Amino acid sequence: MAAIRLSTQKLLLNQKSRILYHCTALSPRNKPLGGSSPQHSDDVRKFWYCGLQPVRFLSESALYVNRSVESRTPTVNVALNLAEKLQNLGELKTNVAVRNIAKMEIEELVEDYKGLMKLKLNKKKLEEERKNIASMMAALSKVKETEDVKRSKELLKTRGKSLRQHLKTLNADFNILEETVIMRSLKLPNVLHRDTPTDEVKILRETVPEKGLADFAQIDHMVAGEQHNWIKFSNIGPGAYFLLGPLAWSERHLINHFSENLIENGFQMMICPEIFKAVVVEGCGVDITDAGKIYTLENNEETMKIEHICHFIGVSPMSFAAFWTRMTVDCETTPQTYFTIGKCYHPVVSSCANMGLYHTSQTTKCEVCSVCHDDTMADNQFHQFLTMIWNFYSDLNLPVRLVLLPASQLHVSESKKAVIEMWAPSQQQYLTVASVYLTGTYIGERLMISSSSTQDKVVHVVHADLLDVSRMLAFLMEHRKIGENELLQLPRLRLDAISELIP
């Protein structure tokens with residue numbers, strides 16, 4: 001039977017703890033339920049009879065598996081810390097509001113969580129009573145059999161059967177409500193850093209050109225590239241291209257330069273896969289159901305488990321997260337810093353399809369990542385990465401600026417993000433060329449990445465996109481920095497004393 005995905009829209013909890021789900025939406029690829037008899041498959045929840053009609057549940061998360069599904073086991077145990085998050089309810093609501101996150105039902109989550117805690121307490125009381133009954137039955141079996149003893153045994157057996165049935169019903173209700181709470185909790189955004197602006201972009205630094213930005217010759221790298229036979233754009237789709245001649249040599253020059261400089265500065269190089277399991281992708285905060293954000297490998301198995309679905313992404317935060325998942329990292333005294341260089345793949349947005357190398361479905365990227373013991377170490381790494389890439393791009397003597405993004409422009413996994421933007425003459429606007437961002441404990445909590453000091457200490461993670469080769473080549477062409485017979489002299493990447501780029 002085809003897997004059926006239903007979206008839960010409403011949950012009502014009455015005094016008897018009976019749960020009613022109102023399910024309305026079917027995904028386009030799914031089919032209506034066939035027949036009326038309850039059936040169970042790997043991906044499909046049991047039918048829960050709630051007084052009206054049988055309802056089928058299907059988890060849309062690779063991070064969470066409902067405990068009622070015996071054929072699946074979770075890859076990770078997510079540390080939601082929900083009690084702590086809901087304790088600061090005003091801060092959470094402000095976080096959601098300034099990020100402009102729609103359909104985040106905070107009040108319903110709070111009510112569901114309270115209901116879940118009540119059910120948990122009731123479960124605990126009933127389980128303790130069952131243990132007491134078992135102890136009393138054991139004690140009675142050791143005494144002489146009398147009429148009073150027989151009567152006591154019968155009463156205990158009757159109470160035990162009643163408790164077993166009550167617990168069965170309670171566990172069913174608990175499992176359903178737990179899934180609702182956890183699925184909503186997984187969509188909560190990361191806590192905002194104190195430096196993150198709440199309303200608008202904050203420009204921290206900029207290099208001022210001798211002439212105004214509007215005076216730069218509006219050279220289009222796509223036109224110039226085809227005229228010089230340096231770029232060949234393919235007709236197989238937007239963003240498909242080949243680099244020729246000086247551009248191909250410049251691509252190799254940039255890759256070698258960044259690789260050599262990072263190794264000299266003590267970064268460890270990682271050779272990473274390009275395909276990732278759904279649990280890693282979702283662990284980094286990416287919506288694995290959004291086809292507009294990531295490529296998903298097609299699979300013909302209708303009942304394939306969601307945690308086995310794979311995504312074609314390449315160089316990304318997942319490159320490092322996949323390596324560290326369920327790992328204890330020795331970062332108590334010094335941070336662990338790594339870098340990777342390789343291909344990156346993402347769908348091209350239709351509005352950007354005609355921007356040439358500025359927006360391509362495939363590019364070469366250089367990313368660095370640091371795993372830190374605490375937030376102080378992570379802040380230091382953030383400033384160190386930011387200083388390193390700002391010095392590099394500002395030394396190119398091109399119009400660039402350093403910008404601190406507001407909360408509304410952050411990904412749900414990010415708590416703070418600074419980007420370096422370069423002026424694109426053909427587009428008459430600044431476009432991002434590099435970035436540094438903090439994810440704090442967000443990824444570590446979801447993927448069980450801990451510090452060596454203690455298993456309960458979740459690591460803090462810092463990421464930096466140092467280089468997007470295709471976009472960088474477009475900038476250099478439009479600023480006349482690429483010649484026919486010579487390579488551009490690139491500044492060195494330096495880990496000098498950290499300058500106060502963010503006041």
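The following legends describe close-up views of a predicted model.

View 1. The mean pLDDT of the chain is 82, and a score of at least 70 is reached by 82% of the residues. Where pLDDT is low, the predicted coordinates should not be read in detail.

View 2. The unreviewed UniProt entry assigns the annotation "coiled-coil region" to residues 116-146. In the model, this stretch is 81% helix and 0% strand. The C-alpha atoms at its ends lie 44 Å apart.

View 3. Asn175 belongs to helix α4, which spans residues 147-185. Asn175 is classed as buried because its relative accessibility is 8%, under the 20% cut-off. Leaving aside residues up to four places away in sequence, Asn175 touches Tyr64, Asn66, Arg67 and Ser68.

**View 4. The largest cavity.** Two cavities of 30 Å³ or more are found in a search of the whole structure. The largest cavity holds about 60 Å³ of space. Its lining consists of Ser250, His253, Leu254, Leu476, Lys481, Ile482, Gly483, Glu486, Leu487, Leu488 and Leu490. Helix α6 (residues 245-264) provides the largest share of this lining, with three residues. Classified by side chain, the lining of the largest cavity comprises six nonpolar, three polar and two charged residues.

**View 5. The second largest cavity.** The second largest cavity contains about 40 Å³ of space. Pro317, Phe320, Ala321, Trp324, Cys369, Ile443, Ile449, Val461 and His463 form its lining. At least two lining residues come from each of α8 (317-324) and β19 (460-468). The largest share of the lining of the second largest cavity, four residues, is supplied by α8. Eight residues of this lining are nonpolar and one is polar, with no charged residues.

View 6. The lining of the largest cavity includes two charged residues, whereas the lining of the second largest cavity has no charged residues. Helix α6 gives three residues to the lining of the largest cavity, and α8 gives four to that of the second largest cavity.

Technical notes
Residues are numbered from 1 along each chain as its sequence is written. This is a predicted model: local features need pLDDT of at least 70, side-chain atom pairs count only at pLDDT 80 or more; totals for chains, interfaces and linings use all residues. Side-chain values use heavy atoms; hydrogens and water are left out. Buried means under 20% relative accessible area, exposed over 50%, partly exposed in between (1.4 Å probe, protein chains only). Contact means heavy atoms within 4.5 Å. UniProt positions are given in the numbering used here, feature names are shortened, and annotations may be inferred rather than shown by experiment. On a 1 Å grid over the protein atoms alone, a cavity is a set of points where a 1.4 Å probe fits but cannot get out, and a pocket is an open set with protein on both sides within 12 Å along at least five of seven lines; lining residues have an atom within 4 Å of a point. Grid points are joined across faces, edges and corners, and a volume is the space filled by probe spheres set on the points. Ala, Val, Leu, Ile, Met, Phe, Trp, Tyr, Cys and Pro count as nonpolar, Asp, Glu, Lys and Arg as charged, and the others, Gly among them, as polar. pLDDT is the predictor's confidence in each residue, from 0 to 100.
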